Amino acid sequence: MNTDAHAHIIPAELMKSEFLSPEVEQIGPGVYSYVIWGSRIRPAYAALNDERIHLSYMEEQNIQKEYLSVPPYLFGYDKDSGFGREWSRAYNESLAALCRRHPARFGGLGTVPMQDVPSAVAELSYCVNTLGFAGVELCSHVNQEDLDEERFADFFEAANKLGCAILIHPHNIPAPRRLSKYYMANLVGNPTETALTAARMLLSGFFDRYPGLRVCFSHGGGAFPFVYGRIKNGFSVRDEPKAGGLKTLELPRNMFFDTIVYDRSPFRFMLETVGAERVLLGTDYPFDMRMREPVVKIQGWCEPIEAKLVTQENPMRFFRMGE
């Protein structure tokens with residue numbers, strides 16, 4: 001079963017809800033411009049709100065299951081705690097209803113109000129124990145606070161006990177002025193941000209503290225595979241990288257990366273750097289920056305045993321499918 005670990009949706013009923021109610025302008029066939037929470041989203045495709053288009057796409061691309069999550073501009077961590085709790089519950093309920101309509105085709109990764117840790121813990125429990133989600137999607141930071149900070153420990157301890165899958169997705173990148181032109185916030189800012197988060201979580205001993213978690217870093221971990229050699233060298237010659245308490249530096253088994261790197265050379269480099277057993281099929285559907293022809297490309301870039309790991313066996317392990 002080819003399984004996509006990274007795809008997004010806003011269930012249609014939420015678009016008319018009190019939480020969103022966007023200003024919508026159609027700019028082409030099936031293509032829209034939205035203003036949501038004061039931000040303009042352009043282009044936005046009809047598939048973002050239509051599970052039927054997702055299903056047609058999956059048939060075309062030989063993908064049997066998608067794990068769906070909220071688009072990162074709707075994390076809502078900058079909202080007040082009350083809104084965050086209500087929005088997370090509304091999104092998760094709508095996503096769960098969609099998954100119940102197509103249980104063989106869709107799984108859910110919920111969203112939680114990380115600006116309020118006790119509420120995030122409560123919503124996480126609801127997502128996993130009541131709605132049956134495999135875990136949650138998190139932003140790479142919470143209003144510029146890093147996920148390895150002590151104030152988030154209660155959340156990750158709860159997630160660890162539940163054995164959650166977590167997808168880390170970048171958003172609200174620092175240094176906005178320098179990234180303001182040429183779509184640089186996405187093209188360069190996102191992979192830089194993801195590498196920073198992955199490196200901090202690794203060096204802080206996060207994965208040793210929470211061995212029950214499985215954490216996937218979006219977009220191939222961003223720049224992380226390409227700076228991992230530098231990190232290892234720094235760990236061997238400097239004291240500062242050891243401040244997190246690690247005695248040795250190895251990639252943990254519960255650290256994963258998706259395939260959204262677009263070309264064969266970076267994909268092969270990532271695969272050889274982190275190991276094929278840590279790579280998951282991801283597409284970023286239905287955004288324009290998605291990976292196109294994902295299964296065909298992976299099968300062309302890999303030996304058959306590697307391709308089966310990436311598209312089938314690793315997602316089964318990451319999401320604990322069938323357990």
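Student: Where does Asp50 sit?
Tutor: Asp50 is in the loop that runs between strand E4 (39-45) and helix H1 (51-61), where helices (H or I, at least four residues) and strands (E, at least two) are DSSP runs numbered from the N terminus. This is a predicted model, in which local features need pLDDT of at least 70 and side-chain atom pairs count only at pLDDT 80 or more, while totals for chains, interfaces and linings use all residues. Residues are numbered from 1 along each chain as its sequence is written, and side-chain values use heavy atoms, with hydrogens and water left out.

Student: Is Asp50 buried or exposed?
Tutor: Asp50 counts as buried because its relative accessibility is 15%; buried means under 20% relative accessible area, exposed over 50%, and partly exposed in between (1.4 Å probe, protein chains only).

Student: And what lies 2.9 Å from a polar atom of its side chain?
Tutor: That is the backbone nitrogen of Arg52.

Student: Switching to helices: how do H3 and H4 pack?
Tutor: Helix H3 (residues 117-130) and helix H4 (residues 153-162) pack at an angle of about 15°, and their axes are 9 Å apart. The axes are lines fitted to C-alpha atoms, for helices over the stretch in contact, with angles running from 0 to 180 degrees between N-to-C directions. The two helices, H3 and H4, are therefore roughly parallel to each other, a label that applies to angles under 35 degrees, with over 145 being roughly antiparallel, 65 to 115 roughly perpendicular and the rest oblique.

Student: Which residues meet there?
Tutor: From H3, the residues are Val117, Ala120, Val121, Leu124, Ser125, Val128 and Asn129, and they meet Asp154, Phe155, Ala158, Ala159 and Leu162 of H4.

Student: Which parts of H4 are buried, and what covers them?
Tutor: The buried residues in H4 are Ala153, Phe155, Phe156, Ala158 and Ala159. Their cover includes H3, strand E7 (135-139), strand E10 (165-169) and helix H6 (206-209).

Student: What does Asn160 touch, beyond its sequence neighbours?
Tutor: Asn160, which is in helix H4, is in contact (heavy atoms within 4.5 Å) with Arg209, Tyr210, Pro211, Gly212 and Leu213, once its neighbours within four places in sequence are left aside. Asn160 and Arg214 are 54 residues apart in sequence, and their C-alpha atoms are 8.8 Å apart in space.

Student: What about Thr197, buried or exposed?
Tutor: Thr197, in helix H5 (residues 184-203), is buried, with a relative accessible area of 2%. Leaving aside neighbours within four places in sequence, Thr197 is in contact with Ser140, Leu147, Ile168 and Phe217; of these, Ser140 is 57 residues from Thr197 in sequence, with a C-alpha to C-alpha separation of 6.0 Å.

Student: Where is Trp37, then, and what is its phi?
Tutor: Trp37 is in the loop between strand E3 (31-36) and E4 and has a positive phi of about 55° although it is not a glycine. Trp37 is partly exposed, with a relative accessible area of 23%.

Student: And Asn62?
Tutor: Asn62, in the loop between H1 and strand E5 (65-69), has a positive phi near 60°, and at 38% relative accessibility Asn62 counts as partly exposed.

Conventions:
A polar contact is a pair of N or O atoms within 3.5 Å; within protein, one must be able to donate a hydrogen and the other to accept it, and residues adjacent in sequence count only if both atoms are side-chain atoms.
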